[in-house]
Amino acid sequence: MVSLNVLTAVCICYGAFLFLIAFAAERAGRQGRSGWLKAPMVYTLSLSVYCTAWTFYGAVGYAARSGLEYLTIYIGPSLVMIGWVVGLRKILRIGRSQRVTSVADLISSRFGKSNLLAVAVTLIAVVGTTPYIALQLQSVTQSFAIFAAPEGPGAVADTQSLALWVAAGLAAFTVLFGTRNLDANERHHGVVIAIAVEAVVKLCALLAVGIFTVWGIGGGLEETLARIDAHAALGQWQMDNGRWSGLIFLSAAALLCLPRMFQVLVVENEDERHLRTASWAFPAYMIAMSLFVMPIAVAGLTLLPEGSNPDMFVLTLPLSEGQSGLAVFSFIGGFSSATSMVIVAAIALSTMVSNHIVMPIWLKMQPGQGAMVSGDVRHVVISARRVSIIGVLFLGYLYYRLSGGGTALAAIGLISFSGVAQFLVPMLGGIFWRGATRVGALAGLATGFAVWLWCLFLPSFGDGVVLSQAVLAEGPLGFGWLRPQALFGISGLDPLVHGVLWSILLNALVFTLGSLLSFPSPMERLQGAQFVNVFQHSGTPRSWSGGTAQSEDLLIMAQRLLGAREAQALFQDEAGRQGVKGVLPEPSADFLLRLERELSGSVGAATAHAMVSQIVGRAAVSVEDLLAVADETAQIMEYSSQLEAKSAELVRTARQLRQANETLTQISHQKDAFLSQISHELRTPMTSIRAFSEILRDTPEMTAAQKARYGGIIHDEALRLTRLLDDLLDLSVLENGQVQLALAPVRLSEVLERAIDATRSDGAEMVIHRDRIAEGALVETDADRLTQVFINLIANARKYCDAPRPELRIAVSAEGAAWRIDFIDNGSGVPRDQQAVIFEKFARVGEQKAGGAGLGLAICREILARLGGSIAYLPGQGGAAFRVSVPRRSAKAAR
Amino acid sequence: MGKSVLVIEDEPNISEAIGFILSRDGWRVATHANGVDAVEAVQARKPDLVILDVMLPGRSGYDILRDLRADAATGALPVLILTARGQARERRLASEAGASHFMTKPFSNAEVLEAVNALIGA
């Protein structure tokens, strides 16, 4: 016989063995030798946390009580794994792209990162999982008690303290390996590998007991089958269709909704492709687990004394046959089942509790500092998780003590299942229906949970414990239609099927109605699109655009959550991607999203969003996000942005064309006006020439003086024509830039001298004041062209100065690298409104006096532009004043 | 007898040529070189005929013509428009403004005589 001390030692050794494995795996992972850890088979084995102590011990008991019905618990998940790979892949993809940390995170993230919803899901999960943890503790203590039984009832006098020890041991293990790294997306390699090992151990243990039962004591396969057939209760294929389909549905839902299943299925998943292996290997595993359930049950019922607990046949059968070794192995199998479930469930729940309850409260309690608090937030998060783990296990222990461990194991398990199955509605609704809203999800969950509490959970404590016999039979306060096991007067259903049916049905109904009647927030629409179209949206969820975030603040926050090294690496990587020097990247929308995703791996989407928004200073959703939602898919977005770009381009082109057209029209108008002007300027002298030449020809009686006068007019007008043509040609050459400049150093005095000499003959006598000293300045320019300018100005003064005694003052002064030559007369000057136009072609001021074509100043302006200087009218000088500015050294010398 | 003509033209040589031709034909010729007070000049001299250049300093010949046409005293006065700009557009503008006749520079002397005599109905 195995003594309790030996058993305890075995437990401790086994625990130490798991420690070692987990430790080795973590080390291998850190050293980059984690290839085999990420094998699809490990993933499949880790899924076996589905098979808990309830399955290990309880399935046999279940079979002993209800025949083949225990199979439903395996059929549900198998159907999902085999038949619904597409849906699972979608959940995995969403989990990965949104960096989901738990089932609560998934649902809250979908519905606009609502923390309220996360809290609701977390609470339901805790309530639904606590009995299940209690169940595991119970099964471990019961199995201890089996071994203790021969030693007398006093040997395990205090099973409750034993349960406490088991709970404490499990808490220690979970804390050690479950909170090693903060980011849930870094995954718990050690835990996963330990669970995979436990999966192998429990399968082998059950197979060993099974083989012993069939071939060791049962006398072979045929005899065993015959015995099963012969057994009155088990031999018949009783199938209650309603209950069977209810249970299959429930267990299928459990695969998706149980926090621990979500943890291993989604959060710990390394690679979507592992799903392909798991889709056949996991059902195969479960077939192997269920293979010997029936033979063991039958053997137990026939061989063991009446009244033995069928839930413990797996242990008592080998014990009664004196196979202590096998019994211990079987015990370890059961122990493995219990511990693996508790560890994963504790990790999953603690993540939810710390991310959605503890952290938000803690953040709120940091007045005014928010995400920018000093100190290591990481430490807070990890502590929160550790406390949560211990809390969850303690709750399980409390439940175990309060419930007294009396009820059949399987019953609690199913009630737990149906509690968390409420998540199925918002989960599936959220990932397949974009119209689903937060209000709908909350209302549906609340309804489903309430119905579950009333119909399943409270009655599960037993008649008269929480709900009195009267309430069960007559309904509360006499409301018959509210009877917990016959809602709305529909009786005759199996209580479990009844509860599941109503809770899920009402949940779905309220969810749908609530979603249809409420209006989703922008963030919900955004996340809805991201979730429903996760395969199309290969990219990232959009939620930040620019903002005034300080990268440094973000880094400080990120360091606290991710650790200094990881955060700096992340920022540096992003800075590199943005092409920014240094460690701090621009807080671009993309980067903020990436950061938020990284952080959500540590603290959950809602909290991460809240923290980033505290720093970025803006929790609202941008217009860009709304556009992202409005457009059905990324393709449409891309297409529309292409269209947008094209249309913007068209608008640009159109504007350019319009401008070009305007310019052309303007040029065309100018050309028309110019031609019209030239026509006028040419026709005017020609009119005189023609008229007087006809007069000379047709008038015989004419004095010699008259003839001379008219001949003189003809001659003058011919000269005027010539001058006009010369000017036009000159202007054309200057404007086309074809002019050849002969640049050479020359004194200004020399140029002025030549100009004054050339104009001496025209017009009235005029006194010219000069500044001989200043005129000595040297200038590098084209002397002929500059002379032309001066001639024009002096000639104009002579022509237009209307003073009785005309005077012209020519002043030279320095202006930086240029010389200023001012020509100021004492006439009445150019009227203000004309000053702007005098440099235009054909602009003439006042009456036609000397037959100029109005091209002189236009030519001056062109010449000075070529020489690198300028000419301007100088107002307010008493008379007409022009300022010429020429560079001392021509910049055009090189040309 | 003797019909009177007012030549409103800013080019002195052209005024002189027209004056010479019309004087020999028996006209009393007066000249005016400015657009600004051309209307007043017409009203003051009350000529039988006006020869009006379009491009005048200070005021366009068309504006002057419009004013003359708007005034009852000069509304029916024969006006010969002279322009150095030969486009068809000018001809249209002139007829719209109420020109009696339109001539493009340079003109032949015989043409001018023919036109003025036709306008005066002699």
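Visitor: What makes up the secondary structure of chain B?

Guide: In this predicted model, chain B comes to 5 helices and 5 strands. Read along the sequence, they follow the pattern β-α-β-α-β-α-β-α-β-α.

Visitor: How many of the residues of chain B count as buried?

Guide: Of its 122 residues, 39% count as buried. The cut-off for that term is 20 or more other C-beta atoms within 10 Å. As for contacts in chain B with a separation of 6 or more, 57% come from residues 24 or more positions apart.

Visitor: Where in chain B is B:P106 found, and what kind of peptide bond joins B:K105 and B:P106?

Guide: B:P106 lies in the loop between β5 (101-104) and α5 (109-120) of chain B. The bond is cis, with an omega of about -10°.

Visitor: What is the confidence in chain B, and where is it lowest and highest?

Guide: On a scale from 0 to 100, chain B averages a pLDDT of 88, and 98% of the residues score at least 70. The lowest mean, 84, belongs to helix α4 (residues 88-97) of chain B, and the highest, 93, to strand β1 (residues 4-8) of chain B.

Visitor: What are the corresponding values for chain A?

Guide: The mean pLDDT of chain A is 78, with 81% of its residues at 70 or more. Over residues 538-549 of chain A the pLDDT is below 50, and this stretch has 35 contacts in the model beyond near neighbours in sequence. Residues 618-633 of chain A also stay under 50, with 29 contacts beyond four places in sequence.

Visitor: How many residues of chain B are in contact with chain A?

Guide: Contact requires C-beta atoms within 7 Å; 17 residues of chain B are in contact with 19 residues of chain A. Helix α1 (residues 12-24) of chain B gives the most to this side of chain B, with 5 residues. The residues of that side divide into 9 nonpolar, 4 polar and 4 charged. For the complex, the predictor gives an ipTM of 0.92 and a pTM of 0.56.

Visitor: What makes helix α19 (residues 424-432) of chain A mostly covered?

Guide: In this helix, 7 of its 9 residues are buried. They are A:L424, A:V425, A:P426, A:M427, A:G429, A:G430 and A:I431. What covers them includes α5 (85-97), α6 (103-110), α11 (241-257), α20 (438-457), α22 (495-517) and α23 (522-532) of chain A.

Visitor: How does the reach of helix α1 (residues 4-30) of chain A compare with the span expected?

Guide: Its 27 residues reach 39 Å from the first C-alpha to the last, close to the 39 Å expected at 1.5 Å a residue. The buried residues of α1(A) are A:L7, A:L18, A:A22, A:A25, A:E26 and A:G29.

Visitor: What is the order of strands in the open sheet of chain A, and which are the edge strands?

Guide: The sheet has 5 strands in the order β2-β4-β5-β7-β6 (chain A), with mixed pairing. The edge strands are β2 and β6 (870-873) of chain A, each of which pairs on one side only. The twist averages 15° from one strand to the next. Helix α32 (residues 783-800) of chain A packs on the sheet, touching β4, β5 and β7 of chain A, and its direction makes about 20° with that of β5(A).

Visitor: How do you know that strands β2 (residues 767-770) and β4 (residues 807-815) of chain A pair?

Guide: Pairing calls for at least two bridges. Here 4 bridges join the strands, which run parallel, and A:R770 stands opposite A:I810 in β4(A).

Visitor: What joins β4(A) to strand β5 (residues 818-825) of chain A?

Guide: These strands are joined by 8 bridges and run antiparallel; A:V812 stands opposite A:I821 in β5(A). They form a hairpin with 2 residues between them, and A:G816 in the turn has a positive phi of about 60°.

Terms used
Residues numbered from 1 in each chain as written. Chains lettered and ligands numbered in written order. Predicted model: local features only at pLDDT ≥ 70, side-chain atom pairs only at ≥ 80, totals over all residues. pLDDT = per-residue confidence, 0-100. Contact = placed C-beta atoms within 7 Å. Nonpolar A, V, L, I, M, F, W, Y, C, P; charged D, E, K, R; others polar. Buried ≥ 20, exposed ≤ 12 C-beta atoms within 10 Å, placed from the backbone. Expected span 1.5 Å × (residues − 1). Axes fitted to C-alpha atoms, helices over the stretch in contact; angles between N-to-C directions.
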